[in-house]
Amino acid sequence: MSTSPGTQSRVPASSRGLPEGCERAAIIDPAAIRHNVETIASYVRPAKVMVAVKADGYGHGAVTTARAAVEAGADWIGVAHVTEAIALRDAGIEAPVLAWLHTAQTDFAEAIERSVDVGISGWELDEVAAAASSLQTPANVHLKIDTGLGRNGCTVADWPQLVARAAEHQDRGLISVVGIFTHLAVADEPDRRETDEQLEVYREALQVAEEAGLSVSLRHVANTPAAFSRPDAHFDMVRVGVGVYGQSPFADRTAEELGLRPAMELRTTVANVKRVPAGQGISYGLTHRVDRPTALALIPLGYGDGVPRIAVHAPVQIAGRVYQSAGRVAMDQFVVDLEDPDTPVQVGDDVVLFGGDSGISAADWGRAAQTINYEIITRIGGRVPRLVVDSAELAAGHGSTSDAVSAPGAEEGRA
Ligand SMILES: *Cc1c(COP(=O)(O)O)cnc(C)c1O
């Protein structure tokens with residue numbers, strides 16, 4: 001990044017962070033995804049790794065993420081919806097895929113035809129069996145027990161009936177029960193005893209299933225926080241999302257401390273710079289007024305791009321230095337106080353909201369917006385192009401991956 005702007009001749013912004021003609025982008029690094037998958041796999045081995053790419057890969061691109069994950073050795077891909085799974089199949093992803101959140105409209109026949117495993121919490125079981133029967137093709141299912149999260153999953157009370165019915169369908173050759181899973185509620189707070197209670201309920205549910213004649217090869221429980229903090233929750237496979245994207249699930253441990261690298265960098269350039277007098281109000285509601293003469297930078301990203309309206313004093317790197325946002329984020333833009341009426345910052349200077357070598361994380365934006373890094377990365381909007389720039393290929397001197405838009409200069413600071 002540029003360092004002391006006064007002493008250096010300036011490289012046009014377009015040749016540093018963003019490719020020619022690109023006004024804003026979320027730059028996605030498959031090398032970071034591969035690194036994170038390998039790091040997590042090394043923690044959980046011999047357990048297998050399922051990488052969650054729901055919600056378009058937490059905003060990174062489901063196909064980009066799934067490809068990188070499989071390249072790095074991920075065994076399974078996980079999504080919420082069958083439609084998300086079908087999109088992966090359409091893109092040529094052949095790895096095993098599990099989809100676990102269904103509605104009365106879900107097309108289970110298509111799931112079976114495209115070899116998508118389905119998670120089953122209750123009512124889905126008979127529908128899946130009926131679809132398998134008419135297709136004359138057995139469905140692979142993973143039964144889900146609610147061990148305490150209170151969201152999806154079969155209740156403990158209904159579990160004996162569900163496993164009995166599943167065993168019947170399996171005996172008729174309509175389904176194959178390959179997995180039993182549950183989801184943890186507080187694994188991001190490793191000391192809470194509710195995780196122990198959930199694991200206890202899970203073990204009992206496995207026992208009940210066993211007694212009903214179901215022996216499964218994939219017992220899976222752990223999300224990213226449990227992959228790192230609860231080895232007793234690894235079982236046969238972990239289902240990891242946020243860590244794969246290089247984000248920490250813990251409030252008190254950074255991604256770097258976990259050995260993870262952020263895979264998304266959100267960039268644009270300064271759209272305007274102007275001097276203002278003390279007392280100048282900023283943005284809708286005039287919730288912020290500067291208390292001294294200063295200069296303001298206009299950042300051309302807003303809540304229409306997924307930058308939370310509620311974020312205040314959020315960190316933003318401009319031309320290599322970190323400043324803070326001021327006033328409300330609007331639909332298309334927000335303002336950064338440059339803290340100096342004679343600022344060297346100019347129109348066109350590089351802006352990084354988070355990621356890359358900025359030292360700013362999506363978690364920092366989460367804190368500024370009363371939310372978490374998961375929501376920040378996942379909600380980056382459709383108006384922001386995703387540029388896939390493989391830092392490993394850049395380092396090896398190959399430009400960019402075949403499906404990528406090349407981003408000259410994006411390798412800066414990533415040595
Ligand atoms: C999203 C999701 C995960 C991954 O959670 P992370 O905290 O992102 O690792 C795992 N299991 C289920 C059922 C999920 O919905």
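Reader: What should I know about the model before I start?

Author: Residues are numbered from 1 along each chain as its sequence is written, and side-chain values use heavy atoms, with hydrogens and water left out. The model is predicted, and local features need pLDDT of at least 70, side-chain atom pairs count only at pLDDT 80 or more, while totals for chains, interfaces and linings use all residues.

Reader: Which residue does the UniProt annotation "modified residue: N6-(pyridoxal phosphate)lysine" cover?

Author: UniProt annotations may be inferred rather than shown by experiment. Here the unreviewed UniProt entry gives that annotation to Lys 54, whose place is in helix α2, residues 54-58; a helix is a DSSP run (H or I, at least four residues), numbered from the N terminus.

Reader: Which residues are closest to the ligand?

Author: A residue counts as near a molecule if one of its heavy atoms lies within 4 Å of it. In this model 13 residues surround the ligand, and the closest are Lys 54, Tyr 58, Thr 224, Val 242 and Tyr 374. A polar contact is a pair of N or O atoms within 3.5 Å; a polar side-chain atom of Lys 54 lies 2.5 Å from an oxygen atom of the ligand, and for a side-chain N or O atom of Tyr 58 the distance to a ligand oxygen is 2.6 Å.

Reader: Where does the annotation "binding site" fall?

Author: According to the unreviewed UniProt entry, that annotation covers Arg 151 and Met 331. They are spread over 181 residues of sequence and also in space, up to 32.6 Å between C-alpha atoms.

Reader: Is Arg 151 buried or exposed, and what is Arg 151 in contact with?

Author: Arg 151 has a relative accessible area of 59%, so Arg 151 is exposed. Contact means heavy atoms within 4.5 Å, and, leaving aside neighbours within four places in sequence, Arg 151 is in contact with Asp 146 and His 183.

Reader: What is Met 331 in contact with?

Author: Again leaving aside neighbours within four places in sequence, Met 331 is in contact with residues including Gly 302, Tyr 303 and Arg 383. Its relative accessibility is 45%, and Met 331 therefore counts as partly exposed.

Notes: Buried < 20%, exposed > 50% of the residue type's maximum accessible area, 1.4 Å probe, protein only. Helix = DSSP H or I, 4+ residues; strand = E, 2+ residues; numbered from the N terminus. Polar contact = N/O pair within 3.5 Å; in protein donor to acceptor, adjacent residues only side chain to side chain.
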